[in-house]
Amino acid sequence: MRKITLFFATLMSVLMLSAATETVYFVNANNWTGTIKAHLWGGTATGTSWNGNTMTKESEQIAGFDVYSYSAEAGAYANVIFNNGSAQTADLTWTAGKYYVKDAWYTKEEAEKGLVPSVKLAGTLSSWDGTVMELSDDYKTASLTLTLAV
C-alpha cells in the first residue's frame, strides 16, 4: 500500500510541475514611463486587482522599444489590460504567444517587421513637385508634403 501511495504522490507532483504556461508580450512603442503592469481577469484564475501584476522586462528590444512579458497557467486568464497606472490599452483578449503593439496583436516577426519604417513615393521623379510622400510604420500612417525642384 505504501508503494502505491508514494507512486501516486510522485506522479501528482510531476503533473503539477508540468502545467502548461502561456505568455503574452507588450511592446512599449508609446514609451510609457513607470512600471508596466498587466491587469488580468476571466478564465480559471481569480482576476487581479487594479492595476494588475508587474510585467517582466525582457532583455530583448523590438525596433529599440522595450518588451515586457507576463506568463500564466494555460487558461488562467481570458482578458488583459496593459497599463502603467495612468495610460492603458483597451480591454484585450488574452492572446498567448503574441506581441501587443499600439493597437493590435502580432507575431514576433510581424512586430519586428512592422516597427521598421517604410517609405512610399508617389509619382515619377518629374512629377514629385508638390506630391505627398507617405511615411508608414504599418501601425500608424503619417504624411509629409514635399516640394522638389527638378
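Modeller: Strands here are DSSP runs of E with at least two residues, helices are runs of H or I with at least four residues, and both are numbered from the N terminus. This is a predicted model, in which local features need pLDDT of at least 70 and side-chain atom pairs count only at pLDDT 80 or more, while totals for chains, interfaces and linings use all residues. Residues are numbered from 1 along each chain as its sequence is written, and side-chain values use heavy atoms, with hydrogens and water left out.

In general, strands of a sheet pair through backbone hydrogen bonds, either parallel or antiparallel; two strands count as paired if DSSP finds at least two bridges between them. The open sheet has five strands in the order 4-5-1-8-9, and its pairing is mixed. Strand 4 (56–62) and strand 9 (104–106) stand at the edges with a single partner strand each, so one side of each has no neighbour in the sheet. On average, neighbouring strands of this sheet are turned by 35 degrees against each other, direction ignored, where the axes are lines fitted to C-alpha atoms (for helices, over the stretch in contact) and angles run from 0 to 180 degrees between N-to-C directions.

Most residues other than glycine have a negative phi, and most peptide bonds are trans. A63 counts as partly exposed, at 46% relative accessibility, where buried means under 20% relative accessible area, exposed over 50% and partly exposed in between (1.4 Å probe, protein chains only).

Strand 5 also runs antiparallel to strand 1, to which seven bridges join it, and V27 stands opposite V67 in strand 5. The loop between strand 1 and strand 2 holds N31, which has a positive phi of about 55 degrees although it is not a glycine, and which counts as exposed at 55% relative accessibility.

The packing can be followed through nonpolar cores, each a set of buried Ala, Val, Leu, Ile, Met, Phe, Trp, Tyr and Cys residues joined through side-chain atoms within 4.5 Å. The largest has 18 residues, and F26, M55, Y70, V80, F82 and W94 have the most contacts inside it. Two or more residues each come from strand 1 (21–27), strand 2 (37–41), strand 5 (65–73) and strand 6 (79–83), and strand 5 gives the largest share, three residues. Apart from this core lies another, of eleven residues, among them F65, V101, A111 and L115.

Contact means heavy atoms within 4.5 Å, and M55 touches residues including V24, F26, Y70 and F82, not counting residues up to four places away in sequence. F82 itself, in strand 6, is buried, with a relative accessible area of 0%.
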